[in-house]
Amino acid sequence: MPTQAGEELIERILAHPGDGDLVGPAANDLLSELYAGFPVENLTRLLHSGDDRILPTATWLLSEIPGLAAPLIGEVPALLASPIRGVRYDAIEVVLENAGERDGPVIAQVMSLSGDPESAVRWKVLEFLTEASIEQLEAGAASLPPGQLKELAEWLILQDGEDPDLPGVVIRLEAGDPVTRMFATAAAASLSSEGDVNLLMHAVMVEEEEIRSFAQERLSELSGEEPG
């Protein structure tokens with residue numbers, strides 16, 4: 001039965017948290033079990049193991065089951081606050097793929113990671129800002145306290161309308177602080193097309209490496225080239 005196999009895999013991961021050669025294949029098999037119907041709630045055993053070596057595996061599993069991880073969205077705030085970079089990174093993906101209109105606080109928490117000390121996490125936040133639905137962005141913006149982040153989130157949402165602020169995108173890319181440039185790059189990516197990449201061309205010139213690499217990747221996608 002899938003349930004029995006899934007439980008055995010969880011026990012294996014819990015018993016050998018430091019053995020990557022064992023945990024990796026077990027995690028992949030457990031992922032298959034989750035898709036086969038093994039209840040996602042069973043992952044709380046890994047999330048609450050108290051062993052920091054297990055937390056990245058548990059978070060990765062949640063990030064790899066779009067939609068299916070929604071019952072555990074309440075676990076994500078702690079993951080977004082984890083001191084482990086990879087956990088924060090994968091937790092952002094969990095929010096992107098599972099958060100709904102009622103999950104404004106956790107979406108706001110992702111937006112707050114736009115100032116994360118790790119470049120990789122900031123890159124993932126930028127991807128979130130670009131890929132999130134308008135409903136997700138609105139829920140997150142509504143949950144942010146008054147201040148710069150809320151203003152930037154509300155501005156980003158407006159760019160989905162019929163009259164986007166194209167000059168404002170350029171101004172924010174050229175003269176904004178790092179967080180402002182991140183939101184402006186998300187707008188640039190959303191507003192760009194194969195025939196109009198002017199905004200992304202501005203984004204590839206900014207100071208922050210994660211913004212430049214993200215913008216370059218989007219440019220490559222629009223041109224049909226392999227990112228590199």
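User: With which side chain does the side chain of T180 make a polar contact?

Analyst: This is a predicted model. In it, the side chain of T180 makes a polar contact with the side chain of D177, at 2.7 Å.

User: Where does T180 lie, and is T180 buried or exposed?

Analyst: T180 lies in helix α12. Its relative accessible area is 8%, and the cut-off for a buried residue is under 20%, so T180 counts as buried.

User: Which residues does T180 touch, leaving out those up to four places away in sequence?

Analyst: With those set aside, T180 touches Q148, L152 and R172.

User: Back to D177. Which end of α12 does D177 cap?

Analyst: D177 caps the N-terminal end of α12. A side-chain oxygen of D177 lies 3.1 Å from the backbone nitrogen of V179.

User: How far apart are the end C-alpha atoms of α12, and what should the helix span?

Analyst: Helix α12 covers residues 178-191, and its end C-alpha atoms are 20 Å apart. At 1.5 Å a residue, its 14 residues should span 20 Å, so the two values agree.

User: How many residues of α12 are buried?

Analyst: Eleven of the 14 are buried, and α12 is thus mostly covered. The buried residues are V179, T180, R181, M182, F183, A184, T185, A186, A187, A188 and A189.

User: Which helices do the buried residues of α12 pack against?

Analyst: They pack against α8 (119-131), α10 (148-158), α11 (166-175), α13 (198-203) and α14 (209-223).

User: Let us take α11 from that list. At what angle do α11 and α12 pack?

Analyst: The angle is about 140 degrees, and the axes are 8 Å apart. The two helices, α11 and α12, are therefore oblique to each other. On the side of α11, the contact is made by L166, V169, R172 and L173. On the side of α12, the contact involves T180, R181, A184, T185, A187, A188 and L191.

User: What is the handedness of that crossing?

Analyst: α11 passes α12 in a left-handed crossing.

User: Which residues of α11 are buried, and what covers them?

Analyst: G168, V169, V170 and L173 are the buried residues of α11. Their cover includes α10, α12 and α13.

User: Which residue caps the N-terminal end of α11?

Analyst: That residue is D165, with a side-chain oxygen 3.0 Å from the backbone nitrogen of G168.

User: Now α8. How many of its residues are buried?

Analyst: Ten of the 13 residues of α8 are buried, so α8 is largely enclosed by the rest of the structure. The buried residues are V121, R122, W123, K124, V125, L126, E127, F128, L129 and T130. What covers them includes α6, α7, α9, α10, α12 and α14.

User: What should α8 span, and how far apart are its end C-alpha atoms?

Analyst: At 1.5 Å a residue, α8 should span 18 Å. Its end C-alpha atoms are 18 Å apart, which agrees.

User: How do α9 and α10 pack?

Analyst: Helix α9 (residues 134-143) packs with α10 at an angle of about 155 degrees, with the axes 9 Å apart. The cut-off for roughly antiparallel is over 145 degrees, so α9 and α10 fall in that class. Their crossing is left-handed.

User: Which residues meet there?

Analyst: From α9, I134, L137, E138, A141 and A142 meet K150, A153, E154, L156 and I157 in α10.

User: A change of topic: where is Y35, and how accessible is it?

Analyst: Y35 is in helix α2 (residues 20-35). Its relative accessibility is 49%, so Y35 counts as partly exposed. Neighbours within four places in sequence aside, Y35 is in contact with E64, I65, P66 and L68.

User: How far is Y35 from A141?

Analyst: Their C-alpha atoms are separated by 32 Å, and the two residues are 106 residues apart along the chain.

User: Last one: where is D103, and is D103 buried or exposed?

Analyst: D103 is in the loop between α6 (85-98) and α7 (104-112). D103 is buried, with a relative accessible area of 19%. Not counting residues up to four places away in sequence, D103 touches I73 and N98.

Methods. Residues are numbered from 1 along each chain as its sequence is written. This is a predicted model: local features need pLDDT of at least 70, side-chain atom pairs count only at pLDDT 80 or more; totals for chains, interfaces and linings use all residues. Side-chain values use heavy atoms; hydrogens and water are left out. Helices (H or I, at least four residues) and strands (E, at least two) are DSSP runs, numbered from the N terminus. The expected span of a helix is 1.5 Å times one less than its number of residues. Buried means under 20% relative accessible area, exposed over 50%, partly exposed in between (1.4 Å probe, protein chains only). Contact means heavy atoms within 4.5 Å. A polar contact is a pair of N or O atoms within 3.5 Å; within protein, one must be able to donate a hydrogen and the other to accept it, and residues adjacent in sequence count only if both atoms are side-chain atoms. Axes are lines fitted to C-alpha atoms, for helices over the stretch in contact, and angles run from 0 to 180 degrees between N-to-C directions. Angles under 35 degrees count as roughly parallel, over 145 as roughly antiparallel, 65 to 115 as roughly perpendicular and the rest as oblique. A crossing is left-handed if the near helix is turned anticlockwise from the far one by less than a right angle, and right-handed if clockwise.
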